[in-house]
Amino acid sequence: MTDLPSATPPSSRRRGRRRGGRRVLRIVLLTVALLVLAAGGAGWWAYSHLNGNIDSVDLDQALGDNRPKKVVAGAQNVLVLGSDSRAGANGDLDHGDVSGARSDTALLVHIPEGRSKATAVSIPRDTLISRPECKDADGKTVKPANRVMFNSVYSLAGPACVVKTVEEMSGIRVDHFVEVDFAGFKGLVDALGGVTVTLDKPMSGAKGGLKLDAGTHRLNGTDSLKFVRTRYGYGDGSDLGRIGLQQQFLMAMLSEIKKQDALGNPARLYKLADAGTKSLTTDSDLASLTSLADFAQSMKGVDPDTMETIMLPVAYDKVDPNRVIVAQPQAGKLWEALRTDQKIPAEAKNSPAKG
């Protein structure tokens with residue numbers, strides 16, 4: 001099991017909790033769009049190869065029948081995770097003393113019936129929750145536990161257990177699951193020929209991280225991976241600060257992809273699609289180019305720029321002020337509105353621990 005992140009003071013945690021909902025979804029939708037293009041232009045061998053890149057999780061088999069019932073048939077709920085693995089060769093690129101994989105970002109994206117808008121609920125990684133009994137990737141039983149960090153569920157029991165945890169927290173049926181691996185973006189960055197980022201202050205390179213002056217830099221795949229892993233050498237040194245860097249990098253990569261004429265260069269298009277699919281894990285219902293294309297087509301009316309991003313209402317824990325707990329009744333009202341496809345009341349967005 002991966003060690004829990006070191007404690008950070010509330011003042012450090014408060015910055016950035018509301019960031020990134022629409023940014024992560026944009027990256028996911030961008031990746032899906034890229035796959036659609038590749039599916040239309042590639043031959044059968046290429047199509048089969050790209051299909052084989054996508055990892056999947058069978059949620060029905062992993063979770064069984066004891067799950068929340070679907071309330072509104074036309075609505076969709078998608079759990080989006082951003083993960084970072086330091087295993088194998090990835091560990092050699094940077095801080096190799098960190099094992100396993102962690103979920104740095106967790107968003108429950110609700111697309112109402114009609115699919116013309118979306119709401120993303122960001123779950124803070126240091127929220128203390130009750131973890132249900134789960135099966136890990138090897139089929140072994142993971143016993144339930146109270147007052148564990150939300151971020152630890154992924155490390156201990158894998159993505160299916162994260163889905164089950166979110167379903168038990170919210171009472172909402174998760175229809176689909178998409179995981180984007182930050183380490184997998186290394187190949188995508190190299191396929192693009194690099195990504196340009198701009199820093200308003202220097203990055204010191206503390207604890208083996210990347211050292212950069214303030215200003216604009218063109219990063220290759222290896223340095224990009226170091227960039228998104230930097231914590232102590234930039235800003236307040238918190239994990240939330242690192243998440244901010246990851247979001248900045250993802251937006252820079254999105255801009256780079258938009259600037260390049262992938263449609264006019266089939267070889268580059270295939271390289272991008274190959275790298276992009278290698279970074280994706282989905283539920284089994286989405287684990288093919290055809291399924292991803294159909295799902296993307298069904299959501300074409302959703303504009304990420306108008307998506308509402310809400311932090312799950314939380315309060316500082318009285319026992320450990322470096323952690324937060326789910327705030328009630330605010331969270332209950334938020335989940336109920338999403339579950340029944342109703343307008344979210346203003347009081348359900350009021351978090352005692354401010355982002």
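View 1. Helices here are DSSP runs of H or I with at least four residues, strands are runs of E with at least two, and both are numbered from the N terminus. This is a predicted model: local features need pLDDT of at least 70, side-chain atom pairs count only at pLDDT 80 or more, and totals for chains, interfaces and linings use all residues. Residues are numbered from 1 along each chain as its sequence is written, and side-chain values use heavy atoms, with hydrogens and water left out. Of the 355 residues in the chain, 54% are buried (under 20% relative accessible area, with a 1.4 Å probe and protein chains only). Take the contacts (heavy atoms within 4.5 Å) with a separation of 6 or more: 71% of them come from residues 24 or more positions apart.

**View 2. Helix α6 packs with helix α7.** Two packed helices are described by the angle between their axes and the distance between the axes. For α6 (residues 150-157) and α7 (residues 159-170), that's an angle of about 145 degrees and axes 7 Å apart. The axes are lines fitted to C-alpha atoms over the stretch in contact, and angles run from 0 to 180 degrees between N-to-C directions. On the α6 side you'll find F150, V153, Y154 and A157, meeting P159, C161, V162, T165, V166 and M169 in α7.

**View 3. A disulfide between C134 and C161.** A search of the whole structure turns up one disulfide, meaning a pair of cysteine sulfur atoms within 2.5 Å. In this pair, the S to S distance is 2.1 Å. The link ties together distant parts of the chain, with C134 in strand β6 (residues 134-135) and C161 in helix α7, 27 residues apart. The torsion about the S-S bond is about 70 degrees, so the disulfide is right-handed. Both C134 and C161 are buried.

View 4. Look along α12 (residues 289-298) for its buried residues: L289, L292, A293 and F295.

**View 5. L286, in the loop between β14 and α12.** L286 is buried, with a relative accessible area of 3%. Leaving out residues up to four places away in sequence, L286 touches H176, V178, S291, L292 and F295. S56 is 230 residues away along the chain, yet the C-alpha atoms of L286 and S56 are separated by 8.0 Å.

Key
Buried means under 20% relative accessible area, exposed over 50%, partly exposed in between (1.4 Å probe, protein chains only).
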